[in-house]
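Open the model in your viewer and keep the selection panel at hand. The stops below go from confidence, to the whole chain, to single residues.

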Amino acid sequence: MSIWFESPTGHVYQGNSFTGRDLFGALTPRKPPDHPARQRIANDRAARTTTHRRKLDEWDIANPPPF
């Protein structure tokens, strides 16, 4: 099953896993920067990034390169 959609600029895409709203932010109204949903998502992203970096650093220390 293929999905075709046309962007606001006239480009045609097929089989993209994103919705038009994901690709073209101008199609959706913007929430203010201090909106609670934006803050929660930003906090979750920061926590995931920090945890991932910490795990990578721990692995690098425990497994130094052989050279």
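**Stop 1: Colour by confidence**

Select helix H1 (residues 20-23): confidence in the protein is lowest here, at a mean pLDDT of 58. Now select helix H2 (residues 36-62), where confidence is highest, at 91. pLDDT is the predictor's confidence in each residue, from 0 to 100. Over the protein, the mean pLDDT is 79, and 73% of residues reach 70 or more. This is a predicted model, so local features need pLDDT of at least 70 and side-chain atom pairs count only at 80 or more, while totals for chains, interfaces and linings use all residues. Residues are numbered from 1 along each chain as its sequence is written, and side-chain values use heavy atoms, leaving out hydrogens and water.

**Stop 2: The whole chain**

Switch to cartoon. The protein has two helices and two strands. From the N terminus, the order is β-β-α-α. Helices (H or I, at least four residues) and strands (E, at least two) are DSSP runs, numbered from the N terminus.

Show the surface. Of the 67 residues, 4% are buried. Buried means under 20% relative accessible area, exposed over 50%, partly exposed in between (1.4 Å probe, protein chains only).

**Stop 3: Glu6**

Select Glu6, in strand S1 (residues 4-6). Is Glu6 buried or exposed? Glu6 is exposed, at 56% relative accessible area. Leaving aside residues up to four places away in sequence, Glu6 touches His11 and Val12 (contact means heavy atoms within 4.5 Å).

**Stop 4: The salt bridge**

Select Asp44 and Arg40. They form a salt bridge, with the closest N and O atoms 3.3 Å apart. The structure holds one such bridge. The term means a side-chain nitrogen of Lys or Arg within 4 Å of a carboxyl oxygen of Asp or Glu. Asp44 and Arg40 are four residues apart in helix H2, so about one helical turn separates them. Asp44 is partly exposed, at 34% relative accessibility.
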